[in-house]
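Please look over the sequence and the model below.

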Amino acid sequence: MRLGFLGLGVMGTPMAINLSKHYALTAWNRSANKFHALKTSSPTARFAPTPTAVALNSDIIFTMLFNAPAIDSILTTSFLSSLRDKILINTSSVPVSYSQHLSTIIHSAGGKYIEMPVSGSKVPAEQGQLVGMIAGDPDVVETVVKPVVKPLTCAAVYCGREIGSGLKMKYAVNTLLITLTAGLAESMNLAKAQGLDLEAWGRVLAAGPMASRYSGVKVEKMLRGDWEAQAAIRDCFNSTELIRAAAREVGVECPLMDVCGGLYGRAVQGGLGGEDMSAVGKVIGGM
């Protein structure tokens, strides 16, 4: 089985590394210098000059690109013609309508389309502990996709045949993730403003019923003032926009997402887009 991977960003690089340990892998990224980390970890991995070259040398192609326009930019005639009898697995976070549109394009080109957004950030991606939320043809998912994504995931949950089901699941899950992260940042700001020992604050959170692996990682980063992105603020803001749009489409209020979207939008405007999403505390109250 030959795999292709398009997009070597914060998430794409560790995902490609884990896949390359089990399969022959060809990768592409808009900035070729991003290939260095993959090549260092996986000497057998190959870099292709174009997405078309990746598709021509692969049976299954993964996409992990920033947004719909980034995906549109690779959908050349030559790329689409190279997808016949192949599977494209889109792990990028995009609007449901766009994923459905992409599915139509891929099927018209003679390929198969599977949607698999993931839950988890850089560390789970490095550990192969992402949660995949899969939508598409159940036979393709069970016989091909689930075995192939085992190096990436601790769980690959089938969300339905209808394209968009995986993304809708991610929107729901990320609603909790984003509000939790903003809540941690706000909690730390209040503790700091009250003159509390922040190490003690962290120990109280870790000992209580709300503690989780995720909160432990984020609290540790916040206490160290480590803002290196595991999930970047710009990506988080993009998620809030997708979630709010999905909520409007089904007529559901998302007041917490409205607030978080405003906070993450301010953070992006303030030049913090490349920092970890937990750095949103800097716009809440001077973390």
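In this predicted model, the protein chain is divided into domain 1, residues 2–161, and domain 2, residues 168–283. The C-alpha centres of the two domains lie 27 Å apart. Where they meet, 14 residues of domain 1 are in contact with 13 residues of domain 2. About 1300 Å² is buried between domain 1 and domain 2, and carbon and sulfur atoms give 61% of that area. The rule finds one salt bridge across this interface. Lys 122 and Glu 228 meet through their side chains in a salt bridge, with 3.3 Å from N to O.

The nonpolar cores come next. How many residues make up the largest one, and which of them touch the most other members? The largest nonpolar core has 55 residues, and Leu 75, Phe 79, Leu 83, Ile 178 and Tyr 264 are the ones that touch the most other members. Helix α9, residues 165–193, supplies the largest share of this core, eight residues. Both domain 1 and domain 2 give residues to the core, so it lies between them. Not counting residues up to four places away in sequence, Leu 83 touches Ala 55, Ile 61, Leu 88, Ile 106, Ala 109, Gly 110 and Gly 111. Another core, of 31 residues, lies apart from the largest one; among its members are Leu 3, Ile 60, Ile 114 and Ile 134.

Two further places can be read for burial. Helix α1, residues 12–20, is mostly covered, with nine of its nine residues buried. Among these buried residues are Gly 12, Pro 14, Met 15, Asn 18 and Ser 20. The other place is Ala 279, in the loop between α13 (255–269) and α14 (281–285). Ala 279 has a relative accessible area of 0% and is therefore buried. Leaving aside neighbours within four places in sequence, Ala 279 is in contact with Trp 227, Ile 233 and Leu 272. The C-alpha atom of Ala 279 is separated by 9.2 Å from that of Ala 229, and these two residues are 50 residues apart along the chain.

The structure also holds two aromatic pairs. Is the pair of Phe 5 and Phe 62 stacked or tilted? Their ring centres are 5.9 Å apart and the ring planes are at 15°, so the pair is stacked, given that planes under 30 degrees apart count as stacked. Phe 5 sits in strand β1 (residues 2–6) and Phe 62 in strand β4 (residues 60–63), so that the pair links distant parts of the chain, 57 residues apart. Phe 5 and Phe 62 are both buried. In the pair formed by Phe 35 and Phe 47, the ring centres are 5.0 Å apart and the planes are at 50°, so this pair is tilted. This pair also links distant parts of the chain: Phe 35 belongs to helix α2 (residues 35–41) and Phe 47 to strand β3 (residues 46–47), 12 residues apart. Phe 35 counts as buried because its relative accessibility is 11%, whereas Phe 47, with a relative accessible area of 29%, is partly exposed.

The last topic is charge. Side chains of opposite charge can pair when their charged atoms come close. The structure holds 10 salt bridges. One of them joins Lys 146 to Glu 142, with the closest N and O atoms 3.1 Å apart. Lys 146 and Glu 142 are four residues apart in helix α8 (residues 138–148), so about one helical turn separates them. Lys 146 is partly exposed at 22% relative accessibility, and Glu 142 is partly exposed with a relative accessible area of 45%. Asp 226 forms a salt bridge with Arg 224, and here the closest N and O atoms are 2.7 Å apart. Arg 224 and Asp 226 are also linked with Glu 220 and Lys 221 in a network of salt bridges. The side chains of Lys 282 and Glu 275 meet in a salt bridge with 2.7 Å from N to O. Lys 282 has a relative accessible area of 28% and is partly exposed.

Conventions
Residues numbered from 1 in each chain as written. Predicted model: local features only at pLDDT ≥ 70, side-chain atom pairs only at ≥ 80, totals over all residues. Heavy atoms only, no water. Phe/Tyr/Trp six-rings, centres within 6.5 Å; stacked < 30°, edge-to-face > 60°. Helix = DSSP H or I, 4+ residues; strand = E, 2+ residues; numbered from the N terminus. Buried < 20%, exposed > 50% of the residue type's maximum accessible area, 1.4 Å probe, protein only. Core = buried A, V, L, I, M, F, W, Y, C linked by side-chain atoms within 4.5 Å. Domains from an automatic or database assignment. Contact = heavy atoms within 4.5 Å. Buried area = accessible area lost by both parts, 1.4 Å probe. Salt bridge = Lys/Arg side-chain N within 4 Å of Asp/Glu carboxyl O.
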